[in-house]
Amino acid sequence: MTEQPNDPFDYAGVEARAEVLSRWQVSPSRQAPTGAEGPCPRCGHPMKAPITTQITISETELAAPAEPPDPARTLTVYFVCACGEAHAGRKEADTGGCGAFWLADLVKRDDGFYILTPTADRSFAQAAIDLHAAAKTQNANVQKSAEKWLGGIAALFGLFSLAGIFSSGSAVAALDNAGKWAAGVVAALAVLTAGFAVVLGYLAAYGWPITSEVANNLQLKAWKDKRDEYAPKAGKRLRSAVKSAAASLSFIVATVGIIWFGPRATSTPTLELTTKDGGSACGSLVSWSPDGRIQLKNGEGDVFTIRACTVAKVTITESCDDVKA
Ligand SMILES: [Zn+2]
Ligand SMILES: [Zn+2]
């Protein structure tokens, strides 16, 4: 362009005029563009810039932004000069460029081609700048979030050992059926609320990575709005997580209470009778009436009667299965 020395490096917003933007090439030009190439409006050096039309980061809500009914054809894009030429005064941290930054509109023409034009509406500037910054860190962001969530998954599996404490042991076995059911339901609630506490806590701390389309300014605005909602949302989730943890603790205490003090199963003796003629009968004792009738209940629940005067021997046994074996 010129033979004069390059301008010194300077962070400065510059105007991107139509005649400069008309020399920019968007690629690919007929699908959602991923980059653009052209001269910097300030230093005039050729440069390339990425264009983001889809973003995955964690600081967003679970729900995808609503698709606008009439998708706008414009996306405001924030560019930073990334020329490879030397500019005096550039710091180490700046990998290239002259320090210029500007906005331009990525527009889909009626023939389907994408072009860059001067920004018509500057109200999307902040969203475009936020998107530019988020696109640079999205990989690190999602990776960090995923690493943290691995801990959350381990914590959820850890809850199974909590459930194991309740389901084992002779104290549970001694409960009657209603007691076992009550202990089981309350223990399940304890595990469930503990699970909620873990998931909500992790959501509050690390968010949930979701991918949003940001191919036009309506989607860009929806993305930014969701992102700005993150802080109040996280606070709400954290409060819910603490409440769930407290509820879980109460359920654990209740489960232990039921196991310790719940109704015990009443045990009826199981008798094995040997009759004088060499036969045998086994079952749990239902009644032994004064007129000498013994009523037993067998494994199928059938009650049968044996006259006491025919019995030669009575043995108390653990179960009738042991007798048969
Ligand atoms: Zn330059
Ligand atoms: Zn430049």
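This is a predicted model: local features need pLDDT of at least 70, side-chain atom pairs count only at pLDDT 80 or more; totals for chains, interfaces and linings use all residues.
Residues are numbered from 1 along each chain as its sequence is written, and chains are lettered from A and ligands numbered from 1 in the order in which they are written.

The mean pLDDT (the predictor's confidence in each residue, from 0 to 100) of the protein chain is 83. A value of 70 or more is reached by 91% of its residues. Elements are DSSP runs numbered from the N terminus: helices are H or I of at least four residues, strands E of at least two. Over residues 60–71 the pLDDT is below 50. Beyond near neighbours in sequence, this stretch has 23 contacts (C-beta atoms, placed from the backbone, within 7 Å) in the model.

An open sheet of 3 strands has the order β2-β3-β4, with antiparallel pairing (at least two DSSP bridges between two strands). Its edge strands are β2 (25–27) and β4 (46–50). Strand β3 (residues 35–39) is joined to β2 by 3 bridges. S27 has G35 of β3 as its bridge partner. The peptide bond from S27 to P28 is cis, with omega near -15°. P28 lies in the loop between β2 and β3.

Helix α5 (residues 217–228) has 12 residues. Its buried residues (20 or more other C-beta atoms, placed from the backbone, within 10 Å of their own) include L218, L220, A222 and W223. N217, Q219, K224 and R227 are also buried.

Conventions
The expected span of a helix is 1.5 Å times one less than its number of residues. A residue is buried if 20 or more other C-beta atoms lie within 10 Å of its own, exposed if 12 or fewer, and partly exposed in between; C-beta atoms are placed from the backbone. Two residues are in contact if their C-beta atoms, placed from the backbone, lie within 7 Å.
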